[in-house]
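Hi,

Here is the structure I promised to pass on. My notes on it follow below.

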Amino acid sequence: MSDSPLTIVADENIPALEPLFGAFGRLRTCAGRTLSPEQVRDADVLLVRSVTAVNQQLLAGSRVRFVGTATIGTDHVDQSWLAEQGIGFSSAPGCNADSVVDYVLAALFNLLAESGDNLRQKTLGIVGVGNVGGRLQQRLEALGVSLLLCDPPRQHQEADTTAFVSLNELLQQADIICLHTPLTTTGRWPTRHLLHADNLKLIKPDAILLNAGRGPVVDNKALLALSKQRPDLKLVLDVWEHEPEVSVALAEHCRIATPHIAGYALDGKIRGTWMLYRALCQHLGRSPEIALDSVLPQAPVTSMTLSPGCSLLEPVRTVYDIYRDDRAFRQMLARGADGIPKGFDQLRRYYPERREFATLALNGQVTPDMAATLAATGFNCHWRQYD
C-alpha cells in the first residue's frame, strides 16, 4: 500500500475507529455479521470482530491488502489463505483479557457469596492458560487459590510439565472449572467438543463450570442432558455453541447466562482497536502517533472510599454488576426463539458502558487481608492505613 488515502471498511461495533483510523483516508462502517463481498471489494483495509468470517469467499477479487480483527480469537479468519494472497493480518491478543478475568471473578464472587463459600477453600481448574487463562492464573495465585492447570500445547513446549494435569484429572478434582481455550478443529489438540458426554460426567458434585472462551468447546447438547440429571452443577455460560442462536433450555439451567460479553469492557475493546492501529502503522512503515490513553475516556466512577467491614462485592458490583447482563439476556430469550439471533446481536451492539476493575481507585480503612484481596482482584488500591 502507498501513502495515498486508504479506504477502510470496519465493523460498526468496533469503538474509537474515527480517532484512530480517520486520518488514514476514507472510513466506512458496516454490520459485521452480514458483511458481503460487495461491501469490501473497493477496500484497502478490513477491520472485523469475531462475527465476520474472513476467507476467500469474502475477499476474492477485492483490493484488500490488510485485515485486522479486534479480538483475541482468530478462528474466524483463514490466515493461510490471507498469507497465500500476500494480505497482511493482525489480531489483538490479550486486548480484553483483563475484562474477561474481571467477568470470571465477578461471577465467582457473586455465586460463592450466595452459598457462603470462600474461594480460597476451593480448588479451581483453568483449561487453556494463554492470554486470558494466564492472567486469571496470576490473580488467583495472588488471592491464594489452589489451582489445577490444563494446557496440552503449553505442557508440550515447557520443560517443567509438573505444573499441568490432564483434562480428566482436572474435571474430577476441581471445584470450579474455567474454560479459556481457543476454538480449533484440527491439529494434535483440537478443542471443539473438548468437553463431551463422556468426560462431562467426571465433574464432581456441586462444581461450578464456567465457559468464557468459545461456545463449541463444550458440546451444548451433552451439557444440557447432564444438567437435567445433575441439578447440583452450577453453570456460568457467556458463550454458546451456535451463536447467535442460543439453547434456551440450556440457559434456563445456568446460574449466570450472558451473550458473549465477558470481554466487553470498554477498556479492552478500545485497546483492541488501538492494537490494530499500531499493526496497520507497522504494515505501512509509519510510526504510530496516537497513545492509548488519549482515546480511553475517563471511567464514570474513578474512586471509592471503603469503610471497615466492607464486603468484597461492594467495589466489584460498583464496577460491574454481572446480574444486569444476566437479566437483560434472559429478558431477550423470553421474547421467543424467532427473535433470539437478532436480540443476541443487539445486546452486544448496544452493550452499556462497562469498565475494568483497574479503573477504580480504592482507599479507606480495611483489614490487611481485605486490602490484599482487593489488590489481587485487580483494583487500583491506595490504602492510607489499616484497621
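UniProt, in an unreviewed entry, puts "domain: D-isomer specific 2-hydroxyacid dehydrogenase NAD-binding" at residues 114-262; UniProt positions are in the numbering used here, feature names are shortened, and annotations may be inferred rather than shown by experiment. That stretch is 32% helix and 17% strand, with its end C-alpha atoms 21 Å apart. Helices (H or I, at least four residues) and strands (E, at least two) are DSSP runs, numbered from the N terminus.

Before you dig in: this is a predicted model, where local features need pLDDT of at least 70 and side-chain atom pairs count only at pLDDT 80 or more, while totals for chains, interfaces and linings use all residues. Residues are numbered from 1 along each chain as its sequence is written, and side-chain values use heavy atoms, leaving out hydrogens and water.

The protein has 16 helices and 15 strands. Its C-alpha atoms fill a box of roughly 60 × 55 × 50 Å along the principal axes.

H180 is buried at 9% relative accessible area (buried means under 20%, exposed over 50%, partly exposed in between, with a 1.4 Å probe and protein chains only). Leaving aside residues up to four places away in sequence, H180 touches several others, including V100, I126, L136 and G213 (contact means heavy atoms within 4.5 Å). Across the protein, buried residues make up 54% of the 387.

Cheers
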